[in-house]
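Here are my notes from going through this model, in numbered points. Keep the viewer open while you read.

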Amino acid sequence: MSQDSQHGKWTISSSDDDNDEALPPSGTATSGSRQPTESSHSSYRSATPSPPVEVKPEPAKPPVSSLAVGSEARQSAAKNKLNPVKYETSPSLAGKRKKVASDSTGWALSDSDEDDGEVKGKSLSDLPKKAPPNPKTKKPKVESERPPSPHGRLYYIDEPDDFFESCLPPLNDTYRFYLNKVTGLEKKYNSGALHIRGEFRKNKYGYKLPLIRQYPSEFRDRPVLIVHGDKREAKARLIQQAQPFPHVRFCQAKLDIAFGTHHTKMMLLWYEEGFRVIILTSNLIRADWYQKTQGMWMSPLYPRLPKESSASAGESPTFFKRDLLEYLASYRAPELEEWIQRIKEHDLSETRVYLVGSTPGRYVGSDMERWGHLRLRKLLYEHTNPIPGEERWPVIGQFSSIGSMGLDKSKWLAGEFQRTLTTLGKSSLRPDPPMHLLYPSVEDVRMSLEGYPAGGSLPYSIQTAQKQLWLHSYFHRWKAEATGRSHAMPHIKTYMRASPDFSQLAWFLVTSANLSKAAWGALEKNNTQMMVRSYELGVLYLPSAFGMKTFSVDKNPFPVSASFSGFPVPFDLPPTSYTTKDQPWIWNIPYSQAPDTHGNIWVPS
């Protein structure tokens, strides 16, 4: 079987396993040209980018320096060859390869939350089986496999001028929570959404170096510090890519616990007028900003404090300044001292969200509540109030990757994690409300804007799924008609507590943390120690910080209005349960029974 299409290196970002070995070539599905479907794509026009959406208050100039705290962007050490597979109605032709030329360097797969090794167990009887391996081919460890995407550079189009424009006055910044712009949506669903060019003021940013060439020429000498978790070959490639750019520096995050990852996605932008914090769910790669659903919290522009201000000056009611400094200090990195000092000199008092982070380590005593889900539990305990009938208020979790939960729900999910999510104030009541978990089904991925390749950023493996079939009874579909994003697969991660009629929220969290013990931490030693593997970061919205009892849900968040409205939940409420025919997307098994929106099938090997 020939392999004629050379696709070079491709990128994996944010994997929660700790394996930097070369990745094997895989076959997957693609067509030679990009054919938008009527149901998902509105129009595609090539144009020169224009100024981005304005968000008040905005600085007059682009950032003079920036710090990107980004999840790791690993690349395979050897070039992979791609075998596109075109769907054919004849079973005898379904597996044949079609030659497609490409000069692409590939795209990114992200957010695997595997926190243990390969597991042998019963197979998923109700899920498609992997094709038997060729006995002549030496098979590598299954967990190392990452199916490449057929979407190379030619897949991406230049967005039209009005893609970056706002047709509105300054946006409502009550919550400062925004969805990203998605190429291919009806225009109204991008009105008030943000693109990364908006944060960088005409600067298109990418994690893969040379990112500096994405900046306008007059801004390409601005200092940049990138915090990353790359190791060995991946780290060497990153440093090599930065050789032409002496103003780009790196800081390596310490990952002292196996299978941990640097998964935080944050930008600190330094302006002449002050600085800004952006905490988001997107990796700094183009694939994450193109046709996926992402979210971000963007801070106000923080002004500099007067000289001789006290050490406690500029603190917010949510202690955001203290917690941000503590998070940065947890890296134990001299490279971050400059940023820590800068933050101390600024006024963060306008912040109304709470910081919820994870950093690797084993914590005891009061330190157990500093990170992970126990940090979230503490905030919910101290800053929310019990609600009458709260046992009927469901917990909702939405994510793009799933780790190993254990042999049954009591091991972690319905034990310590659910206890955290159901905490409301100092009530001794520990109800057992409904828990709705949102994760795309195979059909959601198949009918998405990207088709099956969108599943490359939904890395739930067969090895993990087959040992926790009990988990799938919690699953709900990805439906986002209200935001126009039903066909833009979620890379966003959100958690919340909703009223029985789904019109109110007791709290809302947007974060980098997927559904995994690696991200959220797990109790050890008879609940006297908390172990966290990964770096994560998110912001928690509590009604008390906004002078409210609950948040009302905005049923029609687009187009965004400048007047006050409810909270813009990214997906439809109430969630839609899986039917008996629905299966969760699993990325390392084939899907060849039906073509996706580009006429392709998915054949990892």
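1. Start with helix H3 (residues 320–329), which lies across E10, strand E11 (275–280) and strand E12 (295–298) and runs at about 110° to E10. Lying across here rests on contact, meaning heavy atoms within 4.5 Å. Angles run from 0 to 180 degrees between N-to-C directions, with axes as lines fitted to C-alpha atoms, for helices over the stretch in contact. Helices (H or I, at least four residues) and strands (E, at least two) are DSSP runs, numbered from the N terminus.

2. A word on the source: this is a predicted model, where local features need pLDDT of at least 70, side-chain atom pairs count only at pLDDT 80 or more, and totals for chains, interfaces and linings use all residues. Residues are numbered from 1 along each chain as its sequence is written, and side-chain values use heavy atoms, with hydrogens and water left out.

3. Helix H4 (residues 337–344) also deserves a look: it lies across strand E3 (65–69), E8, E9, E10 and E11, at about 65° to E10.

4. Now the sheet itself. It is open, with 7 strands in the order E7-E12-E11-E10-E3-E8-E9 and mixed pairing. Strand E7 (177–179) and E9 are at the edges with a single partner strand each, so one side of each has no neighbour in the sheet. From one strand to the next, the twist averages 20°. Two strands count as paired if DSSP finds at least two bridges between them.

5. How is E11 placed, buried or exposed? Buried: 6 of its 6 residues are, so E11 is largely enclosed by the rest of the structure. Phe 275, Val 277 and Ile 279 point one way, Arg 276, Ile 278 and Leu 280 the other, and all are buried. Buried means under 20% relative accessible area, exposed over 50%, and partly exposed in between (1.4 Å probe, protein chains only).

6. On E11's pairings: E10 and E11 run antiparallel, joined by 5 bridges, with Leu 268 opposite Val 277. The two strands form a hairpin with 4 residues between them, and Gly 274 in the turn has a positive phi of about 160°. E11 also pairs with E12 in the antiparallel sense, over 3 bridges; there, Leu 280 has Met 296 as its bridge partner.

7. Over at E9, the pairing is parallel: 5 bridges join strand E8 (residues 224–228) to E9. Val 227 has Cys 251 in E9 as its bridge partner.

8. Which residues does UniProt mark as "binding site"? The unreviewed entry lists Lys 265 and Lys 493; such annotations may be inferred rather than shown by experiment, feature names are shortened, and positions are given in the numbering used here. They span 229 residues in sequence, yet no two of their C-alpha atoms are more than 11.9 Å apart, so they gather at one spot.

9. Lys 265 sits in the loop between strand E9 (248–252) and strand E10 (266–270) and is buried at 2% relative accessibility. A polar atom of its side chain lies 3.1 Å from the backbone oxygen of His 263. A polar contact is a pair of N or O atoms within 3.5 Å; within protein, one must be able to donate a hydrogen and the other to accept it, and residues adjacent in sequence count only if both atoms are side-chain atoms.

10. Lys 493 is in the loop between strand E17 (475–476) and strand E18 (494–498), buried with a relative accessible area of 0%. Its side chain reaches the backbone oxygen of His 491 at 2.6 Å.
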